[in-house]
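Please walk through the fold of this chain, from its strands and helices to its domains and its ligand. The sequence and the structure come first, and the explanation follows.

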Amino acid sequence: MGEILNVTNLSKSFPGVKALTSISFDLKKGEIHGLMGENGAGKSTLIKVITGFFSRDDGKIVYNGADVNFTSPNEAVKHGISTVYQEINLIPMLSVAENMFLGRQPFKNGFHAIDWKTLNDRAQKALALLELDLDVTMPLGSFSVAVQQMVSIARALDISADILILDEPTSSLDAAEAAQLFKVMNKLKNQGMGIIFVTHFLDQVFEVTDRITVLRNGAKVGVFKTAEITRLELISSMLGKELGEFDTDIWHHKDSVHGEEYLSIEKASKAEYINEFDMTIYKGEVLGLAGLLGSGRTEVAQLFYGVEKPDSGKMKIHGKPVVIRGPKHAIEYGMGFCPEDRKAVGIIPELSVRENIILALQAKRGIFRFLSKKQRNEVAEKFIETLNIVTPGTDQSVKNLSGGNQQKVILARWLAANPELLILDEPTRGIDIGAKVEIQKLILKLKDDGLAILFISSELEEVVRCATRIAVLRDRNVVKELTGKDINEQVIMKTIAET
Ligand SMILES: Nc1ncnc2c1ncn2[C@@H]1O[C@H](COP(=O)(O)OP(=O)(O)OP(=O)(O)O)[C@@H](O)[C@H]1O
Ligand SMILES: [Mg+2]
């Protein structure tokens, strides 16, 4: 089939950053084209230049046979290019339906009034495509991040477009939700739509794409037919090197002994939140929480951290009874919590990378023990290096970093705070595969240094890799604890599935 989009020699710079260097890219009708590369490689920038969100410095974009230069994303939409941007840019206070038709509400004939019935019906229909059945009159903010992500996809699907662009649409979705999205993508592809799909999940890119374009440091590395490239070839073309330590001995830590008890909780529960459970966390261990989305993993962590108060239960820290009144109190007791929803909770966009990183450390030290600029820079630089954060310097506003690099900054903040208990909720979500391995190694090093770590991840592979002990959750119950040889994917999956 014919080409629908042809990009040649596209370049784009930001102050101090060459984001795109003479990129060529083409999309055919009826194909799903994966766009891959490390955090900061230029994927989102390429998309945003195509849709007119950013102006280009140089290069040519031919769409449906004609030169185009969109001056705004809206113009691209009107011409049939529909995009789900990496940032969910919807409005939590508005209803689901209002969000879906933001800026293009149906009006009643001849009246200047929004036609609510049509609006809600159409929203419901669009969501049904993704097999989502919601009360579309409820505020969007009352739903989970996953649902919000599905709504932003449904919003784009509603337009009968020639091109659909999805920038990491699946980062918060569980396997079933992602599968549903892929079904819809394949249907649209078969109707002749061209789809650009950005993801860091290798499984997904191999499952759904026809071709893959790889970017590295703002340049194109190559374009491959998905059927003709192996996972290892793809990874090494993304990283520009082999991923050596990936499956070797550094992960042999299952028999490791832990230190003293840090925290214990007995008969804790909160109605409609988490059913009664006991848990102990030791220093020098990584306790993994495994379970499906909605099984109660985050809820357990939130009880420890004082985000929610349990209805019942006794909590002890270092053997002494405590009642955690809220997150600030939890920090005083030595806890750190890197939340799942880092966009909403984490980033302070206008502040520099450095100030975002040292925030928790400074808070822990208190206002009377200020870190000098030199100390702050040292801490920031250390984590920029370890986590491979792509930024022109520590002074850069965090809002100018790529999505994945912003995630790394928040993670660095909690790693730098050096707490006694570090709670990590999906710490590698949206983070590229090279940095992911670095983060996993760092977690194991922190464990060896004596930190207690509570590790939550939907990716079983990484729970298995990092955890020294695993608590399995199902339907808001802590159902089983796994140690030693039982820490493997098969046993975890069986435990999750048992009824
Ligand atoms: N508005 C901006 N101002 C300054 N620099 C920017 C801006 N937007 C992006 N950049 C820089 O351009 C480079 C490419 O960023 P981009 O967002 O395209 O990466 P990406 O491949 O989408 O990464 P990720 O996987 O993390 O989403 C990065 O170095 C980023 O810091
Ligand atoms: Mg991006």
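How many residues lie between S1 and S2 in their hairpin, and which residue in the turn has a positive phi? The model is a predicted one, and in it two residues separate S1 from S2 in the hairpin. The residue in question is Gly-16, which sits in the turn with a positive phi of about 80°. Strand S1 covers residues 3-14 and pairs with S2 in the antiparallel sense over eight bridges. Within this pair, Leu-10 is placed opposite Ile-23 in S2.

S1 has another partner, strand S4 (residues 58-63), to which five bridges join it in an antiparallel run. Here Asn-6 faces Val-62 in S4. S4 in turn pairs with S5 over two bridges, again in the antiparallel sense, and Tyr-63 stands opposite Ala-66 in S5. Taken together, these strands make an open sheet of four strands in the order S2-S1-S4-S5, with antiparallel pairing. Its edge strands are S2 and S5 (66-67), each of which pairs on one side only. Helix H1 lies across S1, S2 and S4 and runs at about 65° to S2.

Another open sheet of four strands has the order S12-S11-S14-S15, and its pairing is antiparallel. Strand S12 (274-282) and strand S15 (320-322) are at the edges with a single partner strand each, so one side of each is left without a neighbour in the sheet. On average, neighbouring strands of this sheet are turned by 20° against each other, direction ignored. Strand S11 (residues 261-270) and S12 are joined in the antiparallel sense by six bridges, with Ile-265 opposite Met-279 in S12.

Next comes a pair of helices. Helix H12 (residues 353-365) packs against helix H13 (residues 373-386) at an angle of about 100°, and their axes are 9 Å apart. That angle makes H12 roughly perpendicular to H13. From H12, the residues Val-353, Arg-354, Ile-357, Ile-358 and Leu-361 meet Arg-376, Asn-377, Val-379, Ala-380 and Phe-383 in H13. By class, the residues of this contact are seven nonpolar, one polar and two charged.

On the scale of the chain, the domain assignment gives domain 1 (3-244) and domain 2 (249-497). The centres of domain 1 and domain 2, taken over C-alpha atoms, are separated by 30 Å. Their contact takes 18 residues from domain 1 and 20 residues from domain 2. On the side of domain 1 that touches domain 2, helix H5 (145-157) and helix H8 (231-239) each supply at least two residues. The residues of that side comprise seven nonpolar, seven polar and four charged.

Which elements and domains contribute to the shell around ligand 1? Ligand 1 is surrounded by 19 residues, of which the closest are Phe-14, Ser-44, Thr-45, Ser-402 and Gly-404. Strand S2 (17-28), helix H1 (43-50) and helix H14 (403-416) are the elements that give two or more residues to this shell. Domain 1 (3-244) and domain 2 (249-497) each provide at least three residues of the shell. The shell divides into six nonpolar, twelve polar and one charged residue.

Key
Residues are numbered from 1 along each chain as its sequence is written. Chains are lettered from A and ligands numbered from 1 in the order in which they are written. This is a predicted model: local features need pLDDT of at least 70, side-chain atom pairs count only at pLDDT 80 or more; totals for chains, interfaces and linings use all residues. Axes are lines fitted to C-alpha atoms, for helices over the stretch in contact, and angles run from 0 to 180 degrees between N-to-C directions. Angles under 35 degrees count as roughly parallel, over 145 as roughly antiparallel, 65 to 115 as roughly perpendicular and the rest as oblique. Two residues are in contact if their C-beta atoms, placed from the backbone, lie within 7 Å. Ala, Val, Leu, Ile, Met, Phe, Trp, Tyr, Cys and Pro count as nonpolar, Asp, Glu, Lys and Arg as charged, and the others, Gly among them, as polar. A residue is near a molecule or strand if its C-beta atom, placed from the backbone, lies within 6 Å of it. Domain bounds come from an automatic or database domain assignment. Two strands pair if DSSP finds at least two bridges between them.
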